[in-house]
Amino acid sequence: MNMLDYRGVSVNIQGQSILRNLSFQIGKGQFIGLIGPNGSGKSTLLRTMSGWIPRAEGQISIAGRLLESYKRRDIARLVSFVPQDTVVDFDFSVRDIVMMGRHPYMSRFKEASREDLLAAERAMSRTEIAHLADRTVTSLSGGQRQMTFIAKALAQTPRLLLLDEPISALDIRHQLHTLELVQRLTHDGLTAVAALHDLNLAARYCDKLILLHQGRILGIGTPEQVLTQPAIFDAYKVHVELQRDPWLGSLSVTAIGKAVHSHAGLLTQQL
């Protein structure tokens, strides 16, 4: 069974066409990378998956049911979303933030159950922030705050995890840790979709990629199928060199530059 099924989905925001006639399927347990230049529609696509943004056309199914057939609480148990902007203005502790991921399972006037507490502790341990549990979220670095919200999403125990630029504020060690963690979770049956800018990390960790450009799908498939020189140039307007990484075995993308013609008529590279 597919976890996600898009059929002719289009989205308009303030009179502008943002997503245009998207159709694709995502299977259970896959790690999907959304790639494409700024403004290509990656964040909007993620938000349609969580039901936050209405569609102008088309159908979205999650786990075999139309999105609109779910109650909001059911969606919150099924799908967790980590936004790119994780700014918090209140002095909640890290533990408080992570526990918010348990709200879809908690009764309004009842205290957290043992299961809720264990889910939060497990999520903090997985994201390596257990030692920050009593710190206020406003005292954290940008990377620590990002990991806190990833932990909150994991505490939600979703079947579909959506991440908008989850590694943008992280140092290289935590970038690798986060993507390795998501990869392990997908091996256990979780489905994950992440918007990523780093093409090398996307090729290394993701099972499949969706390349967006101006709200349309320019390519979909394995990293080798999607990350071709023509497709990358069409989307990003840069030339690249592609090779197989000898250590990792994954596809490696080296950006060379934008092609321009010199006055002598020779092709040069502008960095």
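Predicted model: local features only at pLDDT ≥ 70, side-chain atom pairs only at ≥ 80, totals over all residues.

Trainee: How much space lies in the largest pocket?
Mentor: A pocket is an open set of points on a 1 Å grid over the protein atoms alone, with protein on both sides within 12 Å along at least five of seven lines. Points join across faces, edges and corners, and volume is the space filled by probe spheres set on them. For the largest pocket, that gives about 280 Å³.

Trainee: Which lining residues are the closest to its centre?
Mentor: The largest pocket has 15 lining residues (an atom within 4 Å of a point), and the closest to the centre are Trp52, Val79, Phe81, Lys152 and Gln156. Elements giving two or more residues are α2 (72-78), β6 (79-82) and α5.

Trainee: How many residues of each class line the largest pocket?
Mentor: Nonpolar means Ala, Val, Leu, Ile, Met, Phe, Trp, Tyr, Cys and Pro; charged means Asp, Glu, Lys and Arg; the others, Gly among them, are polar. By that scheme the lining of the largest pocket has ten nonpolar, three polar and two charged residues.

Trainee: Which residues are the closest to the centre of the second largest pocket?
Mentor: The second largest pocket holds about 240 Å³. Its lining has 14 residues, and the closest to the centre are Arg126, Thr157, Pro158, Leu185 and Leu190.

Trainee: Which helix gives the largest share of the lining of the second largest pocket?
Mentor: By class, this lining divides into seven nonpolar, two polar and five charged residues. Both α4 and α5 supply at least two residues. The largest share, four residues, comes from α4.

Trainee: How is α4 set against α5?
Mentor: The axes (lines fitted to C-alpha atoms over the stretch in contact, angles 0 to 180 degrees between N-to-C directions) of α4 (residues 114-126) and α5 (residues 142-155) come within 8 Å and cross at roughly 140 degrees. Under 35 degrees counts as roughly parallel, over 145 as roughly antiparallel, 65 to 115 as roughly perpendicular, the rest as oblique. α4 is therefore, relative to α5, oblique.

Trainee: Which residues of α5 meet α4?
Mentor: Contact means heavy atoms within 4.5 Å. From α4 come Ala119, Ala120, Ala123 and Met124, and they meet, in α5, Ala151, Leu154 and Ala155.

Trainee: Which residues of α6 make the contact with α5?
Mentor: The axes of α5 and α6 (residues 172-187) come within 12 Å and cross at roughly 10 degrees, so the two helices are roughly parallel. α5 brings Met147, Ile150 and Leu154, while α6 brings His177, Thr178, Leu181 and Leu185.

Trainee: Which elements each supply at least two residues to the lining of the largest cavity?
Mentor: In a cavity, a 1.4 Å probe fits but cannot get out. The structure holds one cavity of 30 Å³ or more. Its lining residues include Phe24, Ile32, Leu209 and Ile220. The elements asked for are β2 (16-27) and β9 (208-213).

Methods
Residues numbered from 1 in each chain as written. Heavy atoms only, no water.
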